[in-house]
Amino acid sequence: MNQRVVIDPITRIEGHLRVEVEVDENNVVQKAWSSSTLWRGIEVILKGRTPMDVGLIVQRICGVCTYSHYRCGTEAVENALGMKIPLNARYLRSLMHTSLFMHDHIVHFYHLHGLDWVDVVSALSADPAKAAQVALKYTDKPIAAGEGELRAVQERVKGFVETGKLGPFANAYWGNGTYKFTPEQNLIALSHYLKALEVQRVAAEMMAIFGGKQPHPQSLVVGGVTSVRDMLSPARLQEWKQKHAIVADFIERGYKADIVMAAEAFGGEASVLGGVNIKSFMATNDFVTADGEYLFEQGVILKGDLAGVSDINPDLIAEDVTHAWYKADKPQHPYDGTTIPDYTGFVERDTVYGKLPTLDGDNKYSWVKSPRYQGEPVEVGPLACLLVNYARGNQVVVDAVNGLLQRTGLPIEALFTTLGRTAARMLQTSIVAKEGLRTFDALLTNIQSDDSTYIKPELDSNKEYVGHAMLEAPRGMLSHWIRIKEGLVENYQAVVPTTWNAGPVDAKGQMGPYEASLIGLKLEDPAKPLEVIRIIHSFDPCMACAVHVMDYKGQSLGEFRIDPNAR
Ligand code: NFE
Ligand code: MG
């Protein structure tokens, strides 16, 4: 008899993600449902406000990739107003984006995803001397430099475990048999988990140098940036570069080494060798390396046809809400998209944990919409970005991908797996970090002859404007779409990476990437579904982004009158 498994919440941050699967008598997943159980409605909040405030408001969509929405909202307005901002501003925005990626991907791999791969309790039985030797296999200069340091890590965590309060280390274990690291490998990775807590702080400081603060930087305005003094201060520039060096060093000697180690240990683990079942991918241009040039190029791959990679046509994007808790009779292009809530609730049924309210898969079951490209579900994210650029022959990406495949001995097909998705994020971080220095140097050259950072926007309230912006956020392609009328926001839609990946089934019955990634997965024990958690975490879910404050009883929280044109 089929059994239903419910996992809620499944995310370790920014989360209201619920995943349910149905397994057959052999514990193989037959059906899967992905749902976000909280709606935020930021797109509705924006209506009737001044476009000059859009960036600051949309930035509140998220507490993780905050800068992505800030930049995307600001650039959507600039696009609508037909503005081309100064090159220095583009370089500075790109360097902030570099800082964001270095921070976000490290935090994801270690603190949000790492414990799906690393068994902390096992690290306590490791031999530190042996672990110091093992670490040399994955890099010439390990981060945890020797037996003494690894023993200290072990002692520190032992004290923690002995209190019986595992804190962040609880949750993921159940002694699941799909953990593959030896105790020594677990100890190496654990030492990096702790080191990454320090390194991510340095990366956050990088953002604050040009962004004013982190999270939620505040130096972008429609027309450019306000970090003028920082750009012209040799001390501030040097500070960014020094912090960059610290974080980039960790990426090469820690993050990369851990992925090589994971490829070796998990290379034969069936539950991580599937997980890429929607073989369509999309990514957009990002990271300015020179005027008009980007580190990553845009493109769409449909149904696994890498050779047929094509340019993105923004007209072919539409959001379907057949199984999402919104009203609309057909898929809508984001310029004309609506956001009208239509909550229909849960249905009670038997699960492996007894009777519970569960997702109503035949009807509506999520606050996430289902974006489609030419009617097709597509995966976005680091894996999509690397595949699009590999298919386009982008040399930096081709060299990085081939280098990692050579180092791990894995074939190119290994990319199309959960392990590949996790490795692609590391590789993207490494590329972004290295190439960010090109942008930094380009900025230094440009400011010798040009110190402009801003042009004044002209907004005529007698005119109507429409515009959009696309960028590559840490979780994948992000787009914001705006209509402006009488000087105010008339309509606004954000189509977000996690929405692309986590959306429910569409009108044609097609699953989104999360749901599809689970079909055919065999679980060791349906009551302890680590395999599901690992696959879903490999996408790096952010539900706050995906469903962009409501009272769950539907009551009004407060009423504000604003005059958007007030000076
Ligand atoms: Ni809240 Fe986000 C990213 C955006 S996610 S983290 O990356 O945009 O879908
Ligand atoms: Mg949206």
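Start by selecting Arg 151, which is partly exposed with a relative accessible area of 37%; here buried means under 20% relative accessible area, exposed over 50%, and partly exposed in between (1.4 Å probe, protein chains only).

Before moving on, some housekeeping: this is a predicted model, so local features need pLDDT of at least 70 and side-chain atom pairs count only at pLDDT 80 or more, while totals for chains, interfaces and linings use all residues. Residues are numbered from 1 along each chain as its sequence is written, chains are lettered from A and ligands numbered from 1 in the order in which they are written, and side-chain values use heavy atoms, with hydrogens and water left out.

Glu 147 and Arg 151 form a salt bridge, with their closest N and O atoms 2.6 Å apart. That term means a side-chain nitrogen of Lys or Arg within 4 Å of a carboxyl oxygen of Asp or Glu. Both residues sit in helix α7 (residues 147-162), 4 residues apart, or about one turn of the helix. Helices (H or I, at least four residues) and strands (E, at least two) are DSSP runs, numbered from the N terminus.

How many salt bridges does the structure hold? The count is 28. For another one, pick Arg 4 and Glu 20, whose side chains meet at 2.5 Å, N to O. Arg 4 belongs to strand β1 (residues 3-7) and Glu 20 to strand β2 (residues 17-23), so this pair ties together parts 16 residues apart in sequence. Both Arg 4 and Glu 20 are buried.

Next, select Arg 71 and Asp 286, a salt bridge at 3.2 Å, N to O. Arg 71 is in helix α3 (residues 66-80) and Asp 286 in strand β7 (residues 286-290), so the link joins parts 215 residues apart in sequence. Arg 71 is buried at 7% relative accessibility, and Asp 286 at 2%.

Last stop: ligand 1. Its iron atom is coordinated by Cys 65 (SG) and Cys 545 (SG), at 2.4 to 2.7 Å; donors are N, O and S atoms within 2.8 Å of the metal (3.2 Å for Na, K and Ca), and sites may look incomplete because water is not among the atoms. Cys 545 also coordinates the nickel atom of ligand 1, 3.3 Å from the iron atom. Finally, check burial: Cys 65 is buried at 4% relative accessibility and Cys 545 at 3%.
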